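Welcome! Please take a look at the sequence and the structure shown here, and then follow along with the short tour below.

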Amino acid sequence: MARVALVTGGTRGIGAAISGALKDAGYRVAANYGSKKVKADAFTATTGIPSYGWDVGDFAATQAGVGKVTADLGPVDVLVNNAGITRDVPLHKMTDEQWSEVVRVDLSSCFNTCRAVIDGMRERSFGRIVNISSINGQAGQFGQANYSAAKAGIIGFSKALALEGARKGITVNTICPGYIDTEMVQAVPPDVLKAIVAKIPVGRLGKAEEIARAVLFLVADDAGFVTGSTLTVNGGQYLT
Ligand code: CAA
């Protein structure tokens, strides 16, 4: 029986590439989305991957959403926490809401989804969790105190959960993408983005498929010895 994979923020950008790659590799995929239903419906129509709308930053909504995925497709064996938002602004101008919203959606979401699947993974003695962090959680970024904090938090969260899951066949790993050619990155002011790309040794933005490739490696059944790791996929922009 094919394993069930849930990808948060799985209908657009990096998440859409991950959902598609998992489907192509034989997984039964559920793609979560936040609010852009029209785009999610188009994604489902094109790919045949069902999409499920809920706010991953909301604990109760996430328990209900994962419950629906489980009822439709079966228990979740593979969880990819990809959903994330930015509210870029220097700290001296940052509002309480800009801080809280990014931490809620980018970091607390990982707790919310993992909490919803962890009991089942422990019972079945198998699980693959991949959390998508960012180069900016490793290196910091001007205008991203909120995002860098949340993305750095994901790395620590993943390491702690990796230790807890190790004896139960559950691996937990983090991927830190660099600047990938998505809507989120294209929203960076053009002059700022140009300066960033100039500092990428590979000489270009990454492709969403290049992150999906890393996810496939980490979630494979025979990747059971890879846990607690932080995989950097950034074109050489920041070396850890
Ligand atoms: N380093 C140092 N100084 C900088 C700077 C930088 N990177 N960027 C701006 N400054 C300076 C400006 O030159 C300016 O200096 P002066 O006051 O002396 O003129 C000062 O800081 C204030 O600049 P702004 O008034 O332009 O600041 P702002 O309020 O307009 O905010 C910003 C600027 C919105 C944060 C803008 O710099 C920005 O968008 N930066 C990009 C942030 C970024 O890379 N986000 C990544 C989004 S994609 C993503 O997050 C995905 C992923 O995981 C990689």
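## A walk through the model

Setting aside neighbours within four places in sequence, Ser 148 is in contact with Asn 136, Gly 137, Gly 140 and Gln 141, where contact means heavy atoms within 4.5 Å. Ser 148 sits in helix α6 (residues 145-165); helices (H or I, at least four residues) and strands (E, at least two) are DSSP runs, numbered from the N terminus. With a relative accessible area of 11%, Ser 148 is buried. Buried means under 20% relative accessible area, exposed over 50%, and partly exposed in between (1.4 Å probe, protein chains only).

A word on the background. This is a predicted model, in which local features need pLDDT of at least 70 and side-chain atom pairs count only at pLDDT 80 or more, while totals for chains, interfaces and linings use all residues. Residues are numbered from 1 along each chain as its sequence is written, and side-chain values use heavy atoms, with hydrogens and water left out.

## The nonpolar cores

Which residues have the most contacts inside the largest nonpolar core? They are Ile 18, Leu 22, Val 80, Ile 132, Ile 175 and Val 215, in a core of 25 residues. A nonpolar core is a set of buried Ala, Val, Leu, Ile, Met, Phe, Trp, Tyr and Cys residues joined through side-chain atoms within 4.5 Å. Two or more residues of this core come from each of β1 (4-7), α1 (13-24), β2 (28-33), β4 (76-81), β5 (127-132) and α9 (208-219). The element that gives the most to this core is α9, with seven residues.

## Two pairs of helices

Two packed helices are described by the angle between their axes and the distance between the axes. Axes are lines fitted to C-alpha atoms, for helices over the stretch in contact, and angles run from 0 to 180 degrees between N-to-C directions.

α1 and α9 pack at an angle of about 50°, with 8 Å between their axes. That angle makes α1 oblique to α9: angles under 35 degrees count as roughly parallel, over 145 as roughly antiparallel, 65 to 115 as roughly perpendicular and the rest as oblique. Their crossing is right-handed; a crossing is left-handed if the near helix is turned anticlockwise from the far one by less than a right angle, and right-handed if clockwise. On the α1 side the contact includes Gly 13, Ile 14 and Ala 17, and on the α9 side it includes Ala 208, Glu 209 and Ile 211. The residues of this contact divide into 11 nonpolar, one polar and one charged. Here Ala, Val, Leu, Ile, Met, Phe, Trp, Tyr, Cys and Pro count as nonpolar, Asp, Glu, Lys and Arg as charged, and the others, Gly among them, as polar.

Helix α3 (residues 59-73) and α4 have axes that come within 9 Å and cross at roughly 40°, and α3 and α4 are therefore oblique to each other. α3 passes α4 in a right-handed crossing. Phe 59, Thr 62, Gln 63 and Val 66 in α3 meet Phe 111, Asn 112, Thr 113, Arg 115, Ala 116 and Val 117 in α4. By class, this contact has five nonpolar, four polar and one charged residues.

## Some single residues

Here are a few more residues with their accessibility.

| Residue | Relative accessibility | Class |
|---|---|---|
| Asn 173 | 0% | buried |
| Thr 182 | 12% | buried |
| Ser 125 | 44% | partly exposed |
| Gly 224 | 45% | partly exposed |

Asn 173 belongs to strand β6 (residues 170-177), and among its contacts are Ile 129, Val 130, Ser 158 and Leu 218.

Ser 125 is found in the loop between α4 (96-124) and β5. Most residues other than glycine have a negative phi. Phi of Ser 125, however, is positive, near 55°.

Gly 224 is in the loop between α9 and β7 (230-233). Gly 224 and Gly 169 are 55 residues apart in sequence, and their C-alpha atoms are 7.0 Å apart in space.
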